[in-house]
Amino acid sequence: MDRIELNSLTFDELEDFIVSINEDRYRADQLFTFFHKNYGKAIKDLTVFPIRLRDKLDGMGKVNNIEIFKRLDSNIDNTKKYLYLLEDDNIVESVFMEYKHGLTACISTQVGCKMGCYFCASTKDGFVRNLSPAEMLNQVYVMEEDLNNKITNIVLMGSGEPLDNYENVLKFLEIIHHERGHNLSYRNITLSTCGIVPNIYKLAEEGIPITLSISLHSPFDEERRRIMPIGNKYSVSEILQACRYYYEKINRRITIEYTLIEGVNDREEDLLELTKILKGIKCHVNLIPLNPIKEFDYNRPSQLGIKKFKKGLNNKSIPATIRREMGGDINASCGQLRRRYSKDKR
Ligand code: SF4
């Protein structure tokens, strides 16, 4: 029988587990705090438990741990890129960024990704597997321990499509938010998706007030399909309909991610169509100048072009900002580092 991953269990699941093995319910509270507040890594360190109980838990359960494989520090700002080694020797990336409003961790939800967006390095070696809740939590906890500081904001925007690992991501959110653990406000969490429409509706029904961020990248279906295969499954209008629903249910403004690619989605007609389709949607557009990768031979527009696009949106009363580039000197785009070091390791 597989041993249960104890630090992937929600508070309620942990209570059920403890009760099911005929132990006192309050032990679940202690165990949860040990993992999610005190960075506990091994049952043997849980010295408030009698040895008998530690041995019992060790026999029935396991604790997932990840370690820092490499850290790259920016000399420009305080951005740090982490490569983590997982227990099965896979590698995932996370990024730490320091903003005025707080300390942000951008974390991965899958090893690789099956979505195939052409401009993204995370998908180039395909999909490997989903991350467990503990593997997502540990990206935050290990970063906090390393920095000796508390993360205040989390973005699920690293490798992987969070809504393609729905159950584990939901558990991650519940655990990191729980008052007996990290106690992070849902409002400080952003989930970025390429637009898996049924799961956007599902997420809206959960009623948890996280920010939904949509990787749109083109207002035209045909163009979007060319850079994002998911466009073959769900149209732009279906995605925006789901966004309206999300806003109605959750009452949080949607973020629209728009990677600016020269000659592909920065034309006058793109701007016009974008302003048309976003009209009436409570949203904010985050313009991201393309970070070129070898396999996608396109450039970002000029600085002037980027500013013009932003102004065009603002002129139509659509709030838009240009994403500030963090860690410009360690600026391998998401997924590139993992690919390089996974290969080195092999
Ligand atoms: S952009 Fe996101 S959804 Fe698309 S391939 Fe990359 S990780 Fe996957």
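How many nonpolar, polar and charged residues does the shell around the ligand have? The legends below begin with this shell. The structure is a predicted model, in which local features need pLDDT of at least 70 and side-chain atom pairs count only at pLDDT 80 or more, whereas totals for chains, interfaces and linings use all residues. Residues are numbered from 1 along each chain as its sequence is written, and side-chain values use heavy atoms, with hydrogens and water left out.

**View 1. The shell around the ligand.** Five nonpolar, four polar and no charged residues form this shell. Its members are Cys113, Met115, Gly116, Cys117, Cys120, Ser122, Thr123, Gly160 and Cys194. Ala, Val, Leu, Ile, Met, Phe, Trp, Tyr, Cys and Pro count as nonpolar, Asp, Glu, Lys and Arg as charged, and the others, Gly among them, as polar.

**View 2. Domain 1 and domain 2.** The protein is divided into domain 1 (4–62) and domain 2 (67–345), with bounds that come from an automatic or database domain assignment. Their C-alpha centres lie 33 Å apart. The contact (heavy atoms within 4.5 Å) takes 15 residues from domain 1 and 15 residues from domain 2.

**View 3. The largest nonpolar core.** A nonpolar core is a set of buried Ala, Val, Leu, Ile, Met, Phe, Trp, Tyr and Cys residues joined through side-chain atoms within 4.5 Å; buried means under 20% relative accessible area, exposed over 50% and partly exposed in between, with a 1.4 Å probe and protein chains only. Among the 99 residues of the largest core, Ile154 and Leu173 touch the most other members. Domain 1 and domain 2 each supply at least three residues to this core. Beyond its neighbours within four places in sequence, Leu173 is in contact with Leu156, Tyr186, Ile189, Ile208 and Ile210. Another core, of five residues, lies apart from the largest one and includes Val95, Met97, Cys106 and Met326.

**View 4. Aromatic pairs.** Rings of Phe, Tyr and Trp (its six-membered ring) pair if their centres lie within 6.5 Å; planes under 30 degrees apart count as stacked, over 60 as edge-to-face and the rest as tilted. The count comes to six aromatic pairs. Phe34 and Phe35 have ring centres 5.5 Å apart and planes at 50°, so this pair is tilted. Phe34 is buried at 9% relative accessible area, and Phe35 is buried at 2%. Tyr258 and Phe309 form a stacked pair because their planes are at 25°, with ring centres 5.3 Å apart.

Definitions and conventions. A residue is near a molecule or strand if one of its heavy atoms lies within 4 Å of it.
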